[in-house]
Amino acid sequence: LFRRGRGGAERTVIDIAAALTADGFAAPVVSEGGRMEDELRAAGGELIRLPASSKSPWTILSNAGRIEDLVAQHNIKLIHARSRAPAWSGLIAARLAGVPFIATYHGIYAAKNGLKRWYNSVMVRGAAVIANSQWTADHIAAEYGDRFARIVVIPRGIDVERFDPAMVAPERVAALRAQWGVQDGDFVVLLPGRLTRLKGQLV
């Protein structure tokens, strides 16, 4: 999960790990590891390194067996997936271990043929699927109808302390507004995210 970068999916894993450990729970995270390992450890999470992004059926099954073992070892009560290949391993492991499985659908996956649509459907095969926006929820409903999991919309949050306007000196705000040519009364919208059409910057 952390191999590719520092996007919203990775950040949410850190946030969930921090919330779980703050409430006295363990937060084991299956991942290949990567750039955010130190942040995961600082948040109280435990990295369990597996080739989780592999789409090889044999690797997916092997990962499922390992995750099933982890459920017993760590007394895991819920498996939560955030990406399709590891979701298949998680779903299989959850069914073998008899624990609930949920997934967060945080992207719009291309489905140009029936096989790809079936592959993507793992994200909605659990007890519930979390959509990161109503737009995503509408997409899931259009793709799969009500044949699969219950859809719950939970918008991606931010650390309100990190983005607290009071933490930014008025002089810095004034200097940046002057640099950008922002007039008094103009609004500046902050969108912490990648510059991509999918994020809706044009909207």
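## The T104–H80 contact

In this predicted model, the side chains of T104 and H80 are joined by a polar contact of 2.7 Å. T104 sits in strand β4, which covers residues 101-105. With a relative accessible area of 5%, T104 is buried, because that value is under the 20% cut-off.

Leaving aside residues up to four places away in sequence, T104 touches H80, A81, R82, M123 and I130.

Let's step back to the strands. Four of them form an open sheet with parallel pairing, in the order β3-β4-β5-β6. The edges are β3 (79-81) and β6 (150-153), each of which pairs on one side only. On average, neighbouring strands of this sheet are turned by 25° against each other, direction ignored.

At the β6 end, β5 (residues 128-131) pairs with β6 in the parallel sense over four bridges. Within that region, V129 has I151 in β6 as its bridge partner.

## S89 in helix α4

Now for a helix. S89 belongs to α4, which spans residues 84-97. Is S89 buried or exposed? At 1% relative accessibility, S89 is buried, since buried means under 20%.

The side chain of S89 reaches the backbone oxygen of I60 at 2.9 Å. I60 is also among the residues that S89 touches, together with N63, A64 and I67, again not counting residues up to four places away in sequence.

Technical notes. Residues numbered from 1 in each chain as written. Predicted model: local features only at pLDDT ≥ 70, side-chain atom pairs only at ≥ 80, totals over all residues. Heavy atoms only, no water. Pairing = 2+ DSSP bridges. Helix = DSSP H or I, 4+ residues; strand = E, 2+ residues; numbered from the N terminus. Axes fitted to C-alpha atoms, helices over the stretch in contact; angles between N-to-C directions. Buried < 20%, exposed > 50% of the residue type's maximum accessible area, 1.4 Å probe, protein only. Polar contact = N/O pair within 3.5 Å; in protein donor to acceptor, adjacent residues only side chain to side chain. Contact = heavy atoms within 4.5 Å.
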